[in-house]
Amino acid sequence: QVQLVESGGGLVQAGGSLRLSCVASGRTFSGSAMGWFRQAPGKEREFVSYIYGNGGSTYYADSVKGRFTISRDNAENTVYLQMNSLKPEDTAVYYCAASRRAYDTIPDYWGQGTQVTVSS
């Protein structure tokens, strides 16, 4: 069983930055592609970003491209989401996700989520 624990959410003003972290356990970390999704109130969960197991390929939603950066430290079993130039529309619960395969963008496991609130 895979456990994913997110941290780093909080309240920030528009234009500010936050870095989310997700620590994974229960599986060989480098064997799992990792990603971030978010869900705003009243909306469906949406894709934000994904990174392959070796960190060689990354993917972003158009809405965050150029502002968010995903990275991973396989030695620390941790994936990060650096969020810059935050906007009120980025307000959501952010979920860490893990795939069973290293080269995939389909989530198989989920974290519990961390709240990000951006004030205008």
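Mentor: Begin with a definition: a salt bridge is a side-chain nitrogen of Lys or Arg within 4 Å of a carboxyl oxygen of Asp or Glu. Keep in mind that this is a predicted model.

Trainee: How many salt bridges does the structure hold?

Mentor: Side chains of opposite charge can pair when their charged atoms come close. One case here is aspartate 104 with arginine 101, at 3.3 Å from N to O. Counted over the structure, the number of salt bridges is 6.

Trainee: Which residues are linked with Arg38 in a network of salt bridges?

Mentor: Glutamate 46 forms a salt bridge with arginine 38, with the closest N and O atoms 2.6 Å apart. Aspartate 90 also bridges to arginine 38, and there the closest N and O atoms are 2.9 Å apart. The network that holds Arg38 also contains Glu46, Arg67 and Asp90.

Trainee: How many residues apart in sequence are the parts that aspartate 90 and arginine 38 tie together?

Mentor: Aspartate 90 has a relative accessible area of 0%, so it is buried. Arginine 38 counts as buried too, at 6%. Aspartate 90 lies in the loop between E8 and E9 while arginine 38 is in strand E4, so the parts tied together are separated in sequence by 52 residues.

Trainee: Is glutamate 46 buried, exposed or partly exposed?

Mentor: Buried means under 20% relative accessible area, exposed means over 50%, and partly exposed is in between. Glutamate 46 has 35%, so it counts as partly exposed.

Trainee: Now the aromatic residues. What is the geometry of the pair formed by phenylalanine 37 and tyrosine 50?

Mentor: This is one of 6 aromatic pairs in the structure. The ring centres are 6.2 Å apart. Planes over 60 degrees apart count as edge-to-face. The planes of phenylalanine 37 and tyrosine 50 stand at 85°, so the pair is edge-to-face.

Trainee: Which residues join Phe37 and Tyr50 in one aromatic cluster?

Mentor: Phenylalanine 37 lies in strand E4 and tyrosine 50 in strand E5, so their pair ties together parts 13 residues apart in sequence. Tyrosine 50 is buried at 0% relative accessibility, and phenylalanine 37 is buried at 11%.

Trainee: Which charged residue sits over the ring of tryptophan 110?

Mentor: Two such contacts can be described. The charged end of arginine 72 sits over the ring of phenylalanine 29, 4.3 Å from its centre. Over the ring of tryptophan 110, at 4.5 Å from its centre, sits the charged end of arginine 45.

Trainee: Turning to the backbone, what is the strand order of the open sheet of 4 strands?

Mentor: Strands of a sheet pair through backbone hydrogen bonds, either parallel or antiparallel. In this open sheet the pairing is antiparallel, and the strand order is E1-E3-E8-E7. The edge strands, each pairing on one side only, are E1 and E7.

Trainee: What is the bridge partner of serine 21 in E8?

Mentor: Strand E3 covers residues 18–25 and strand E8 residues 78–83, and the two pair in the antiparallel sense over 6 bridges. In E8, the partner of serine 21 is tyrosine 80.

Trainee: What is the phi of asparagine 77?

Mentor: Asparagine 77 is in the loop between E7 and E8. Its relative accessible area is 26%, so it is partly exposed. Although asparagine 77 is not a glycine, its phi is positive, at about 55°.

Note on methods
Residues numbered from 1 in each chain as written. Predicted model: local features only at pLDDT ≥ 70, side-chain atom pairs only at ≥ 80, totals over all residues. Heavy atoms only, no water. Pairing = 2+ DSSP bridges. Buried < 20%, exposed > 50% of the residue type's maximum accessible area, 1.4 Å probe, protein only. Phe/Tyr/Trp six-rings, centres within 6.5 Å; stacked < 30°, edge-to-face > 60°. Lys NZ or Arg CZ within 6 Å of the ring centre and 35° of its normal.
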